[in-house]
Amino acid sequence: MYGVIEKICVKCGVDCANLPRVKDPQGRYTCKSCHEGRRAAAAAARPELAKPAEPDVIPLEDDAMPTYLLEDVPDPESQRRKPCPACARMMAHDQVVCLGCGYNASTGMQAGTGVGADVNRGGKLKCVKCGYSLKGLRQAKCPECGAPQQYRDIKDEMREESRRTTRNEYIKPFLHLVIGYTVASFALAIMIGRANGFDPSVFLAGFLVEGAQLAFGVPIGVVVFFVCSAMWIGFDQAWYMVALRLAGIYAVSDAVYYGVGLVPIPWVPWAAMVITYVGLLSSELDLEISDAVIVALITVVVKVVLAFTILANVQGWFS
């Protein structure tokens, strides 16, 4: 009829213009029976949404009343969750630390790292498959191509960092040993060649002499260092790491001594070697300069005493 506005229920399709009804903010109508049926079904499915019983007579004649339809009410569980700013994993709304990556919302730091959260994982990284920007990503899935994005757990990252640190701890003294041994052997071979004439055997002699010096000096250095550690320095390194670092220190010190010794300037080779030796002891074994000087002096004294003792015994055997 002209002048009558139909108010169709979005659920059952009945004109509820003359019936009790509700109206949502979008202007859609639902009759009372459908509205109560949906409410009862939702309350049965989610008991936590159940509310105290309301009077049978509900004032529904005001069409402007902003009543939400049940299906339009946001899920309370989703309302209480939020994405982690660092890895985009969902976390409780009142949760401070993300259990996936260790991000602390109150400090902006990642647990156990002492650094800011790697927001690139959820902010600036690109999809591993199509390169689409993942800025604002709320799920571990590319919105462009659908490829899943793999985020490493903070424990995996810490384990990888630990392995990387361990590798670096071995690589540095190993490079010292290889480079120092090679340079020292060649410099020593040149010195031997100057005194006795050059031939291929001098290079072999250089490598053998330097190798014998390291084989003799490293065990003595390890024993001296551990005695000093027991007396006042303290133990904080494994013996095999001390042996590897001392081998690198001795090789580099010998390389400096023989290399500078190729230039005939008195006392300069000794001064260069002492400075290098004490400096490497301090940096590589984490010693104070004063402790490094004491360890160096004790080691040199022990080496000299043992060397003279061995020479005296050898001469006695052949006499």
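Setting aside neighbours within four places in sequence, Leu-281 contacts Leu-246, Ile-249, Asp-286, Leu-287, Ala-292, Val-295 and Ala-296. Contact means heavy atoms within 4.5 Å. This is a predicted model, in which local features need pLDDT of at least 70, side-chain atom pairs count only at pLDDT 80 or more, and totals for chains, interfaces and linings use all residues. Residues are numbered from 1 along each chain as its sequence is written, and side-chain values use heavy atoms, with hydrogens and water left out.

**Overall layout**

- The protein has seven helices and six strands. Helices (H or I, at least four residues) and strands (E, at least two) are DSSP runs, numbered from the N terminus.
- From the N terminus on, the order is β-β-α-α-β-β-β-β-α-α-α-α-α.
- Of the 319 residues, 30% count as buried. Buried means under 20% relative accessible area, exposed means over 50%, and partly exposed lies in between (1.4 Å probe, protein chains only).
- Take the contacts between residues at least 6 apart in sequence: 46% of them join residues at least 24 apart.

**The largest nonpolar core**

- This core has 24 residues, of which Leu-246, Ile-249, Tyr-250, Leu-281 and Leu-285 touch the most other members.
- α4 (200-233), α5 (239-261), α6 (268-284) and α7 (289-318) each supply at least two of its residues.
- α5 gives the largest share, eight residues.
- A nonpolar core is a set of buried Ala, Val, Leu, Ile, Met, Phe, Trp, Tyr and Cys residues joined through side-chain atoms within 4.5 Å.
- In soluble globular proteins, nonpolar side chains tend to be buried together.

**α4 against α5**

- The axes of α4 and α5 come within 9 Å and cross at roughly 130°. Axes are lines fitted to C-alpha atoms, for helices over the stretch in contact, and angles run from 0 to 180 degrees between N-to-C directions.
- α4 and α5 are therefore oblique to each other. Angles under 35 degrees count as roughly parallel, over 145 as roughly antiparallel, 65 to 115 as roughly perpendicular, and the rest as oblique.
- The crossing of α4 and α5 is right-handed. A crossing is right-handed if the near helix is turned clockwise from the far one by less than a right angle, and left-handed if anticlockwise.
- The contact of α4 with α5 has 13 nonpolar, three polar and two charged residues. Ala, Val, Leu, Ile, Met, Phe, Trp, Tyr, Cys and Pro count as nonpolar, Asp, Glu, Lys and Arg as charged, and the others, Gly among them, as polar.

**α5 against α6**

- α5 and α6 pack at an angle of about 160°, with their axes 8 Å apart.
- α5 and α6 are therefore roughly antiparallel to each other.
- α5 passes α6 in a right-handed crossing.
- The contact of α5 with α6 has 15 nonpolar, three polar and two charged residues.

**Ala-184 in α3**

- Ala-184 sits in helix α3 (residues 154-196). At 0% relative accessibility, Ala-184 counts as buried.
- Not counting residues up to four places away in sequence, Ala-184 touches Glu-210, Ala-251, Asp-254, Ala-255 and Tyr-258.
- Ala-184 and Val-256 are 72 residues apart along the chain, yet their C-alpha atoms are separated by 7.4 Å.

**Two loop residues with positive phi**

- Trp-267 is in the loop between α5 and α6. Its phi is positive, about 70°, although Trp-267 is not a glycine. At 70% relative accessibility, Trp-267 counts as exposed.
- Asp-286 is in the loop between α6 and α7. Phi of Asp-286 is near 55°, a positive value in a residue other than glycine. At 61% relative accessibility, Asp-286 counts as exposed.
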